[in-house]
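Subject: Structure handover

Hello,

Please find below the structure I said I would pass on. My notes on it follow.

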Amino acid sequence: MKPRPQDLTVDQLSYYAALSADVGARKSISRIYIPKQAGKACAVAAHQVLRVTCCDGPQVADFNAFAQNDPSEYFWSGRTRTLQGSHLHVGDRLWSTEPKMRPMFTFITDTVEKKPQPHNATSHDLIYSRCSERARELQTGKRGQPNCNDNLKQALREIGFADDYVHDAFNIFMTTGCDDQRRLFYVPSEAKKDDFVELYAEIDAIVAISCCLNVPAELIDKDPQLVKGLVVGVKQGLAVTFDDPAELKRVAQLEFPSASPEDLAAVLDRALKNGMWERGAPMSREAWDTLYKVIREGGLLTQAMPYESVFDPRFLN
Ligand SMILES: [Zn+2]
């Protein structure tokens, strides 16, 4: 069979494998720490290895790259996805824009341990775009939130690049998938503290990296007591919902003071009848599907969120 343009030759494969195996012997030339919700840019010369490390626990790094001698040639996320696939792995290459359209980097090392995920979700995403101010606002209703688009702009400004040089990113450590209704979703990053990937530079390049905030995973790791408290609160709330209808109506009336008691009673009765809540804290898949449908159709949730990406049973007992 004729090799495809993205396929590595036997010689290339053994060259990169040897390079990757030599990981301990590598000499560090320069080290840059990127704090959470910030971005940094730097030059990487051809034949150097760029290592991106999760130094503060599970994180996502949004990656942009340019040719050093002509930044109008930059990382082409769409072409790379077409040639290599929806997620990048060791042996894949990061391709540049036309007219050169050539490998800028080769992915040579990955320490992230891949666990089975729903719908074959996996790490090192190439399907999501970078988060941006407006995208975060649509998601959360809050304006002016930190985001990768602005982090990358800031990083590039520091080296004299215009804001519109920011392009669709390679989302290193981001764990994503596509469900059976073709909706994209992400789960907390599979990467652990000190996990890293290595990219071998095929050309003289400039890279910019944003450290995206991975809120749910970070909260669980940083403040397990808070998350545990929340789970206990939900369990108590469910007990009231099912065992004390008068108290449920009283709380609902406090929460929605302008609603009439009759309307509230009707809404609560219907929600219970439709199975929107379950007696036990581990919500069933059916209950989530019903609730999900309601909040999606009501416009409260703008992104796909399969059951597996929402429920983490570790605090239930
Ligand atoms: Zn982001």
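Contact is defined by C-beta atoms, placed from the backbone, lying within 7 Å. Helices (H or I, at least four residues) and strands (E, at least two) are DSSP runs, numbered from the N terminus.

Before the rest, two notes on the source. Residue numbers start from 1 along each chain as its sequence is written. The model is predicted: local features need pLDDT of at least 70 and side-chain atom pairs count only at pLDDT 80 or more, while totals for chains, interfaces and linings use all residues.

The whole chain

The secondary structure comes to ten helices and ten strands. Along the principal axes, the C-alpha atoms fill a box of roughly 70 × 40 × 40 Å. The chain is divided into domain 1 (10-214) and domain 2 (223-315), with bounds that come from an automatic or database domain assignment. Between the C-alpha centres of domain 1 and domain 2 there are 37 Å. Of the 317 residues, 29% count as buried. Buried means that 20 or more other C-beta atoms lie within 10 Å of the residue's own, exposed means 12 or fewer, and partly exposed is in between. Among contacts with a separation of 6 or more, 69% are between residues 24 or more positions apart.

For two strands to pair, DSSP must find at least two bridges between them.

Strand 10 is joined to strand 1 by six bridges and to strand 3 (residues 60-67) by eight. Valine 207 in strand 10 is the bridge partner of cysteine 42 and also of alanine 65. Asparagine 64 stands opposite alanine 208 in strand 10.

Is strand 10 mostly covered or exposed? Eight of its eight residues are buried, so by the cut-off above strand 10 is mostly covered. In a regular strand the side chains alternate between the two faces of the sheet. In strand 10 both faces are covered, with Ala205, Val207, Ile209 and Cys211 buried on one side and Ile206, Ala208, Ser210 and Cys212 buried on the other.

The core

The largest nonpolar core has 52 residues, of which Ala65, Ala205 and Val207 touch the most other members. Strand 10 (residues 205-212) gives the most to this core, with seven residues. A nonpolar core here is a set of buried Ala, Val, Leu, Ile, Met, Phe, Trp, Tyr and Cys residues joined through C-beta atoms within 7 Å. Not counting residues up to four places away in sequence, alanine 65 touches Tyr74, Phe75, Leu94, Met104, Phe105, Ala205, Ile206 and Val207.

Strand 5 (residues 103-110) and strand 9 (residues 196-201) pair over five bridges, and phenylalanine 105 stands opposite alanine 201 in strand 9.

Threonine 241 lies in helix 6 (residues 224-243). Why does threonine 241 count as buried? Threonine 241 counts as buried because it has 20 C-beta neighbours inside 10 Å. Leaving aside neighbours within four places in sequence, threonine 241 is in contact with Leu248 and Trp277. The C-alpha atoms of threonine 241 and isoleucine 206 are separated by 57 Å, although the two residues are 35 residues apart along the chain.

Just after helix 9, glycine 299 takes a positive phi of about 80 degrees.

Regards

How values were computed. Two residues are in contact if their C-beta atoms, placed from the backbone, lie within 7 Å.
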